Amino acid sequence: MEFPPFEHLLYYERVHGARLNISFSNIREFRLDGFGRSLPKDLDLNWTFRNGTPELRRLIARRHRASPNRVLVTTGATEGNFLVNASLVHPRDRVLVDIPIYSPLRDVPRGVGAKVVEIPRECKDGWRLDLDRWRKLAGRRACLLVFANLNNPTSTALSRSDLRALADIAEECDGHVLVDETFRELAFENRPPSAAEFGPRMIALSTVTKVCGLGTLRVGWIVGAPDLLERFAGLKDYTTGGGSIVSQTIASWALGRWDFFLRRAKRILDANRKIATDALRDLPALQGDVPVGGSVLFPHSTVHVGKLASRLLKQYGTVIAEGRFFGVPDHFRLGLGGEPRDLRMGLANLRRLLRAVS
Ligand SMILES: Cc1ncc(COP(=O)(O)O)c(C=O)c1O
């Protein structure tokens, strides 16, 4: 196995001390005291369930209209992505990946030796999904088709009919479809259905990281057919075994108050969406609308993105996420889940710099 470096993560490590990061995809951090609860004093810290606690699996299952026996709790969606690929994909297997995309969804299949075929969408077509192209490239032997719904970084959605068509393609090529649904519920009233509703070839991933701002709990999950989950769990026995009971307990509190977290996210995103919309109107060097859902946007820049990002960091201590991390170098990602004051300040810095260079 040879895994490409996770460039985006390494970049964040490097710029960690920067004053302003306006590129994160998560909703602002949530703190322990926000729950107003304490961990049970008699919590057994020695042992927990292999597939996740029954309470947590029940709460997760509800988010996907699935039964709890179709849920495997993982150490973040990150581990979920790894388990799916390492279980289903063999060296030289064909894996089709939607581009742009959060890079681990493209690079973990590469790491396990797959022949990865990138299927780019075009900004000028409104990031339209070309299902005919997917059908043709899947042929009779693609092993895995990979998406994020909502997409990270464009926030575009796969619709119910897209998901149905993808399930049919998977049937034709005798493969599976992996849909990372980390951002799905951030479409709120327009949220697409979970891939888990579309049959045994569909695998959904998600996490408490982004919707709740609870990234360090490291609680994510896979929803899929029970026989697949058994294979993923068999591999998880070697990666984490049972997850942290402390984290799973807190994640259960979060899932038990999911509507609260969605309302919180919507409040933050609505405020920032307005700030970003107003700012983009005033930035002719950037093209692309602020999407109606999701926590990220991905404008095209007429100014070289690498140079823009490095000057923005050097002169203004402000971080954006270069499009090269997602496979489209002339765009960059902005995040809408942080403090409105920070986004306003970061966008003002961006405006100053763009006026100076364009
Ligand atoms: C699409 C997507 N999936 C998964 C993750 C990571 O999830 P977790 O923190 O649960 O590992 C991210 C983080 O940026 C993401 O954007």
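In the predicted model, the ligand is surrounded by 13 residues, of which Gly-76, Ala-77, Thr-78, Thr-207 and Thr-209 are the closest. Helix H3, spanning residues 76-88, contributes three residues, the largest share of this shell.

Strand E2, formed by residues 71-74, is covered on both faces. Val-71 and Val-73 are buried on one side of the strand, and Leu-72 and Thr-74 are buried on the other. Strand E2 runs antiparallel to strand E8 (residues 220-223), to which four bridges join it.

At the level of the whole chain, two domains are assigned: domain 1 consists of residues 7-29 + 259-357, and domain 2 consists of residues 46-257. A distance of 25 Å separates the C-alpha centres of domain 1 and domain 2. The contact between the domains draws on 29 residues from domain 1 and 28 residues from domain 2. On the side of domain 1 that touches domain 2, at least two residues each are supplied by helix H1 (7-14), helix H10 (258-281) and strand E10 (296-297). The largest share of that side belongs to H10, with seven residues. In composition, the side of domain 1 that touches domain 2 contains 13 nonpolar, ten polar and six charged residues.

Technical notes: Residues are numbered from 1 along each chain as its sequence is written. This is a predicted model: local features need pLDDT of at least 70, side-chain atom pairs count only at pLDDT 80 or more; totals for chains, interfaces and linings use all residues. A residue is near a molecule or strand if its C-beta atom, placed from the backbone, lies within 6 Å of it. Domain bounds come from an automatic or database domain assignment. Two residues are in contact if their C-beta atoms, placed from the backbone, lie within 7 Å. Ala, Val, Leu, Ile, Met, Phe, Trp, Tyr, Cys and Pro count as nonpolar, Asp, Glu, Lys and Arg as charged, and the others, Gly among them, as polar. A residue is buried if 20 or more other C-beta atoms lie within 10 Å of its own, exposed if 12 or fewer, and partly exposed in between; C-beta atoms are placed from the backbone. Two strands pair if DSSP finds at least two bridges between them.
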